[in-house]
Every structure is written in C-alpha cells, then in structure tokens.
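Please have the sequence and the coordinates at hand while you read along.

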Amino acid sequence: MLGRALAGKRVRDVIRRGKWLRIELDDGARLFSHLGMTGNWVQRDVDAPKERSERARLDLVRTDGRRSSVRYLDSRRFGRLIVANEDIAEWKKLGPDPLADGIDVRSLEEALGRRRRAVKDALMDQSVLAGIGNILATEALWQARIDPRSRSDALAPGDVGKIVRGLRWAIRKELAARDVAESEGWVDVFSAYGHAGEPCPRCGSTLARVVLAGRGTTFCKRCQVRRRVRARATERHIGRPHP
DNA sequence: AACGGAACCTGAAAGC
DNA sequence: TGCTTTCAGGTTCCGT
C-alpha cells in the first residue's frame, strides 16, 4: 500500500501546514501525514526493532549516502497517512498558517464575525487558522482575557487583536518549551490548559473547566470576560403597538 | 447551515 | 491490590 506508491522515489519537498505534513515525491505523488492526538515521527536505526505503537516506517537513503529509518508511532491510531497524486481536500481547505503566513487581524475578524459558535470552537476550525488546537486556543483566550464560551460574532472591536496577540504569545511559548523538552517528554508552560481547579496565575481565582465542542476547556471566570451579542431590536420585535 | 454528542482507539492516572 | 472511571495535544459522522 504505502510502500508500493513510495518505493524507489525521491523526496522533492516536505512542508507543514497546520497539523498536516506533506511529503512530495519526484513523480508528483504526495504522502500526507496528520498526527492525530498521539502520533509522532521518530528517527531510528535501520535495524531497530519495531516498536509497540509503530504503524509505518520509511527507510531511506539520505543525500549524504547514509541510510536512515523514520518510524510513525501512534498509540491511539487517530493519525492519518494518505498517499495521493494531488492535494487532498483536508489540505486544500486549511486556512492561513500562523507561522508560514502570519495572522491577518482583518481577515480573522471577518472569519470570526461570520460564525456564531463559541469563539474557542471557531479558533480551532482549521479553515479559520491552520494548526490551532485545544491548547493554543485555551491559552490564547486566557491571555486575551476572553471567556471561551463567548459567541464568535459577539467579539468587541479590539478583541480580535487581543486574540491574535494571545495566539502569538502561546505559540512562542510552546515553541520555546519544545526546544527545552527536546521532543522528549512534555514541559508544562501553560497558564490555564490542564490547570483546572488551580488558582489563575493572573488573579488567583480558581480556574474552571467546562466542555465546549466536546473538548475540555479551562478558563478563569473572573478575568476572562464573556462577550455577549448586543440585544438588537428588530422591526419584528418592536414598533407595532398591540391592539 | 449549524449545533451537540457519539464514535474512532489506547493508555495513564485517579477514584473506589 | 485490583477494578472502574475519567481524561487525553483531533477529526468526522450522525441526528436534530
């Protein structure tokens, strides 16, 4: 399956957008990889034995002539590996990638203003921004002092700017933690994520946990303020005096 | 169209 | 010491 489509070919390009990786081969075939929750690519010796959660391996010859083996590990099997001859739909519908493209406040404002879902849910929509998941959305909204349950279209002027700064802060923090952890283990640099029941690092109030769009969501009820849609009277609701 | 909830899996940690 | 429950960095499908 994978082997048949890939064997003997040369890797032309590897790029990441959001949570997807695209490995392009010299004949135009592409291998798409999504890690799901527990997926990971690791490098091993060519002779290294198969590991418990190993789902795939690519053995290759590097440009310096050395042989190398990369293994795809994924205990929960939520990740995906897809071979195709053109870009897959999941790839094509990805929104701007914060690192590759930057975040444009105006277009994010527009995308969020079109949705009525909870703002945290909207931020995790991969067509809004590529790569934002539960951690970054949770941390960014904590930093922005916005209640994650606020409706996306209820954000006030200036809120999207705060969210963008929150996202940049969260991404920078997470990348720095990655460097420290050196791919092994997990460094907890989070202010809210995973700290439900503990004091908010900013105001000391106890962090709350709710479920939003099926995902655990931690936030501070005191300093993350809920935005509400302004109650706007429409002609249907007012104007005509009852007889 | 858009929402909530369940399903897909395995494993670690907490609860009893 | 077990046995059960809960939770997990994500996405997709299904019913309302």
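Here is what I looked up, entry by entry.

**Ground rules.** I worked on a predicted model, in which local features need pLDDT of at least 70, side-chain atom pairs count only at pLDDT 80 or more, and totals for chains, interfaces and linings use all residues. Residues are numbered from 1 along each chain as its sequence is written, while chains are lettered from A and ligands numbered from 1 in the order in which they are written.

**Overall.** I listed six helices and nine strands in chain A; helices (H or I, at least four residues) and strands (E, at least two) are DSSP runs, numbered from the N terminus. The C-alpha atoms of chain A fill a box of roughly 85 × 40 × 30 Å along the principal axes. I noted that 23% of the 243 residues of chain A count as buried, meaning that 20 or more other C-beta atoms, placed from the backbone, lie within 10 Å of the residue's own.

Strand 1 (residues 11–17) pairs antiparallel with strand 2 (residues 20–25) over six bridges, and Val 14 has Ile 23 as its bridge partner. Two residues separate these strands in a hairpin, where Gly 18 in the turn has a positive phi of about 55°. Strand 2 goes on to strand 3 (residues 30–34) through five antiparallel bridges, with Leu 21 partnered by Ser 33. That hairpin has four residues between its strands, and Gly 28 in the turn shows a positive phi of about 95°.

**Strands 4 to 6.** I found an open, antiparallel sheet of three strands in the order 4-6-5. Strand 4 (39–44) and strand 5 (54–61) each have a single partner strand, so one side of each is left without a neighbour in the sheet. Seven bridges join strand 5 to strand 6 (residues 67–74), and Asp 59 stands opposite Ser 69.

**DNA strand B.** Which residues are around DNA strand B? I counted a residue as near if its C-beta atom, placed from the backbone, lies within 6 Å of the strand. The residues include Arg 52, Arg 76, Arg 77, Arg 115, Arg 116 and Arg 117, along with Phe 78. By class, I noted two nonpolar, three polar and six charged residues.

**DNA strand C.** I found 13 residues around DNA strand C, with Lys 19, Phe 78, Gly 133, Asn 134 and Gly 216 the closest. Helix 5 (134–144) and strand 9 (215–219) each give two or more residues to this surface.

Technical notes. A residue is buried if 20 or more other C-beta atoms lie within 10 Å of its own, exposed if 12 or fewer, and partly exposed in between; C-beta atoms are placed from the backbone. Ala, Val, Leu, Ile, Met, Phe, Trp, Tyr, Cys and Pro count as nonpolar, Asp, Glu, Lys and Arg as charged, and the others, Gly among them, as polar. Two strands pair if DSSP finds at least two bridges between them.
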